[in-house]
Amino acid sequence: MPDASATLQDRTLNPSGNGLAYQVANASKWGEQKFFDAIEGAPREEIEATQERLLLDQLKWIATRSALVSEIWKKAGVDPLSITSLADYKARAPFMDKDDIRAFRDRTDDPFGGVLCVDCSELHNIGSSSGTTGDPTIFAERWDRGYEGPFTPREYWMLGLRPGDYVLEMSTVMRGVGHRITRAAGAIPLMLNHDPNEVEAAVDLIRKYRPTIFFHLSTPVIYGLERLEREKGIDMVDLFSSFRACVYGGEPVGPRMKETLDRWGVNLFQFSSLGDSGTTWECEAHDGFHAWEDVGLVEVLKPGTDEPVGDGEGGELVVTALHNKTDPLIRYRSGDFIRHTREKCACGRTHMRMTLLGRLGDEVIVNRTSILPRDVWTAVEQVEETSAGLFQIIRPQRELTELKLRVGYEGTPEDLADVARRVADEVEKRVSVRPEIEMTPNSELIKLGPPHKIPRVAKA
Ligand SMILES: [Zn+2]
């Protein structure tokens with residue numbers, strides 16, 4: 001096992017460094033070692049000691065480099081250099097959110113919203129968020145810094161990536177590319193656009209190379225595959241038979257989609273965002289998504305307050321980037337509502353697990369009933385013509401007097417009003433509110449994608 005204390009500080013994906021290249025050089029380790037980094041299974045005290053060390057170091061770094069964070073802390077009357085411990089930080093550090101970044105950007109014309117801590121000439125890639133909640137925010141990446149950006153080598157190791165494997169990458173690229181990790185592991189990426197129109201090309205590549213990892217499935221890609229199955233009679237069980245892991249992301253998997261993936265024999269692993277400071281991934285236990293707590297300091301707080309919620313309870317995800325020195329977000333309120341636990345996972349990892357329950361900004365209150373997209377999703381999936389689950393909640397504001405939905409349908413139904421009636425019945429059964437429904441062809445709704453999902457709420 002590698003020395004845990006050496007992991008984040010010393011490792012890098014640079015081939016001349018000792019990160020994945022080191023693992024490849026010591027190929028015998030690939031079959032023996034349970035975790036990529038020993039800290040994945042470290043006791044809580046060790047994780048917290050690491051967090052404290054990295055946090056104090058990070059505060060020193062941002063104090064003079066992050067224009068936005070400096071501004072926020074000055075306004076709050078707290079000097080980053082005066083923080084002495086993890087507990088002190090949680091008691092005194094001010095918060096930031098996406099609106100702060102956007103406001104700074106609009107005010108100063110700094111496209112990075114004041115969070116960039118290095119010179120632009122040091123950057124290797126600039127990615128962006130999906131823009132699902134408004135204007136996209138942009139992310140800067142330095143590829144010679146391991147454990148920055150959306151992925152770390154730990155995830156692919158956890159899913160069973162090994163040297164010589166082929167990886168099908170239908171990556172959304174806007175948030176950086178995963179292929180550098182694939183390549184550093186001695187595996188070979190097969191790269192396509194994340195686009196339902198490219199699934200036919202994906203089928204050809206899968207049949208030719210029999211890849212072991214699929215990154216990544218999403219509602220639009222599955223929509224494309226289902227159409228291919230229907231129209232071309234592709235044997236999906238055969239198609240998915242070589243994959244050790246198919247990664248799904250963008251939004252939660254609905255129950256009907258899960259049935260389809262089970263029917264295809266898909267070894268499904270989901271991933272999700274860690275509040276714009278990385279990603280969280282399912283392990284083989286499929287019991288929540290792991291967040292690497294030495295990469296991001298995670299707090300789960302009662303929305304609108306600084307009170308932590310108990311283990312097993314739901315709250316807002318707040319993240320402080322511990323390793324990222326390029327464009328770190330510090331005590332960032334993500335707007336994601338999650339349930340979490342820090343109990344040791346059945347896989348042996350000790351880092352916390354979370355489940356995304358929804359976006360705080362997606363909730364609508366219709367005559368005092370709280371409705372989230374996931375409530376509507378299950379209902380829409382039940383009706384054959386709308387089973388792709390493409391829909392939007394029309395949300396001009398949070399509190400509404402009636403629920404309006406835009407729902408996508410497949411093919412050319414003879415009686416569209418009847419389809420809408422059946423969808424309304426299913427929704428009413430689940431949320432006790434009868435919606436007004438506007439029907440739109442799936443092919444139109446899918447165009448709204450950024451591209452791995454469609455916005456689940458729309459202003460009009
Ligand atoms: Zn686990």
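The crossing of helices α13 and α14 is right-handed, a term applied when the near helix is turned clockwise from the far one by less than a right angle. The model is predicted: local features need pLDDT of at least 70 and side-chain atom pairs count only at pLDDT 80 or more, while totals for chains, interfaces and linings use all residues. Residues are numbered from 1 along each chain as its sequence is written.

Helix α13 spans residues 373-382 and α14 residues 416-431; they pack at an angle of about 145°, with axes 8 Å apart. Axes are lines fitted to C-alpha atoms over the stretch in contact, and angles run from 0 to 180 degrees between N-to-C directions. Helices (H or I, at least four residues) and strands (E, at least two) are DSSP runs, numbered from the N terminus. Among the residues of α13 that meet α14 are Val-376, Ala-379 and Val-380, and the α14 side includes Val-423 and Val-427. Contact requires C-beta atoms, placed from the backbone, within 7 Å.

Helix α3 (residues 44-65) has 22 residues and reaches 31 Å from first to last C-alpha, close to the 32 Å expected at 1.5 Å a residue; the expected span is 1.5 Å times one less than the number of residues. The buried residues of α3 pack against α4, α5, β11 and β12.

Strands β15 and β18 run parallel, joined by 2 bridges; pairing requires at least two bridges found by DSSP. Val-366 has Leu-400 of β18 as its bridge partner.

Methods: Contact = placed C-beta atoms within 7 Å.
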